[in-house]
Amino acid sequence: MTVVSIAKIIRERRSIKKDYKPDTVSEELVLELLNDAVYAPNHGIREPWRFLFVSSEKKEAFVEKLITCYPSEAHQARRDMYNQPAAYLVVIMKEDPRQKQWEEDFSATAALVQNFQLLAWERGLGVVWKTNAHNWDPKAHAILGVAPGEKIVGFLHLGFFDQENAPAARTRTLAEEKFTRFE
């Protein structure tokens, strides 16, 4: 087994938005990754998240329902876009009416998504975290079974990819440029 540093995985991870292989993303793999990702820090271990997996086998039916959230003239473009990934994972969180707890829960859920992305990268599974207009659309909520008091944090597009086709790294601002000291 090759040991790779966490820092290396963090720096090398990319959002994979296209050029997915036709390979199926198994539910078993997604559950394996999620069972590690849930170790994200979350205040009081509230675990405010839940997940909706759209398998490769169910993707076409899912896409046909999801495009109805858009005007009919946008259906084909959305269909083409949404059929690219092999599978989807929709991350949903309970919305706590208390602001502090809501922010803690959203932060925890975002940390879980980052954990999932890093774990997926390590396994050669491409992920991009999307927040499209349908995340807030009541019609999409009905299609997905998102209940009142829940929020879609994001759609994770999933698919295997060729490493050599991964996007190039984009530079980041050095921490020193955004770092101050309390005096």
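A word on terms before the tour: two strands pair if DSSP finds at least two bridges between them. Helices (H or I, at least four residues) and strands (E, at least two) are DSSP runs, numbered from the N terminus. Keep in mind that this is a predicted model, where local features need pLDDT of at least 70 and side-chain atom pairs count only at pLDDT 80 or more, while totals for chains, interfaces and linings use all residues. Residues are numbered from 1 along each chain as its sequence is written, and side-chain values use heavy atoms, with hydrogens and water left out.

**Stop 1: the sheet**

Start by colouring the strands. You'll find 4 of them in an open sheet, ordered β1-β2-β4-β3, with antiparallel pairing. β1 and β3 sit at the edges with a single partner strand each, so one side of each has no neighbour in the sheet. From one strand to the next, the twist averages 25°; for angles, axes are lines fitted to C-alpha atoms (for helices over the stretch in contact), and values run from 0 to 180 degrees between N-to-C directions. As background, strands of a sheet pair through backbone hydrogen bonds, either parallel or antiparallel.

Now select β1 and β2, which are antiparallel and joined by 6 bridges. Show L52 and you'll see V90 of β2 standing opposite.

Next, bring in helix α2, residues 27–37. This helix packs on the sheet and touches β1, β2, β3 and β4, where contact means heavy atoms within 4.5 Å. The direction of α2 makes about 160° with that of β1.

**Stop 2: strand β4**

Select residues 150–160, which make up β4. Is this strand mostly covered or uncovered? It is mostly covered, with 11 of its 11 residues buried. Buried means under 20% relative accessible area, exposed means over 50%, and partly exposed is in between (1.4 Å probe, protein chains only).

On one pairing, 8 bridges join β4 to β2 (residues 87–94), running antiparallel; pick I92 and look for I152 opposite in β4. On another, 6 bridges join β4 to β3 (residues 125–130), again antiparallel. There, G126 has G159 of β4 as its bridge partner.

**Stop 3: the loops around β1**

Click on S55, in the loop between β1 (49–54) and α3 (59–66). S55 is buried at 13% relative accessible area. Leaving aside residues up to four places away in sequence, S55 touches A86 and A87.

Then jump to the loop between α2 and β1, where I45 is found. The phi of I45 is near 50°, a positive value in a residue other than glycine, and I45 is exposed, with a relative accessible area of 60%. E47 belongs to the loop between α2 and β1 too. E47 isn't a glycine either, yet has a positive phi of about 45°; at 40% relative accessible area, E47 is partly exposed.

**Stop 4: the aromatic rings**

Rings of Phe, Tyr and Trp (its six-membered ring) pair if their centres lie within 6.5 Å; planes under 30 degrees apart count as stacked, over 60 as edge-to-face and the rest as tilted. The count here comes to 6 aromatic pairs. One of them is W102 with F106, stacked at 5.3 Å centre to centre with 5° between the planes. They are 4 residues apart in helix α5 (residues 99–122), so about one helical turn separates them. W102 is partly exposed at 25%, and F106 is partly exposed at 27%.

To finish, select F62, Y88 and F155, which ring pairs link into a cluster.
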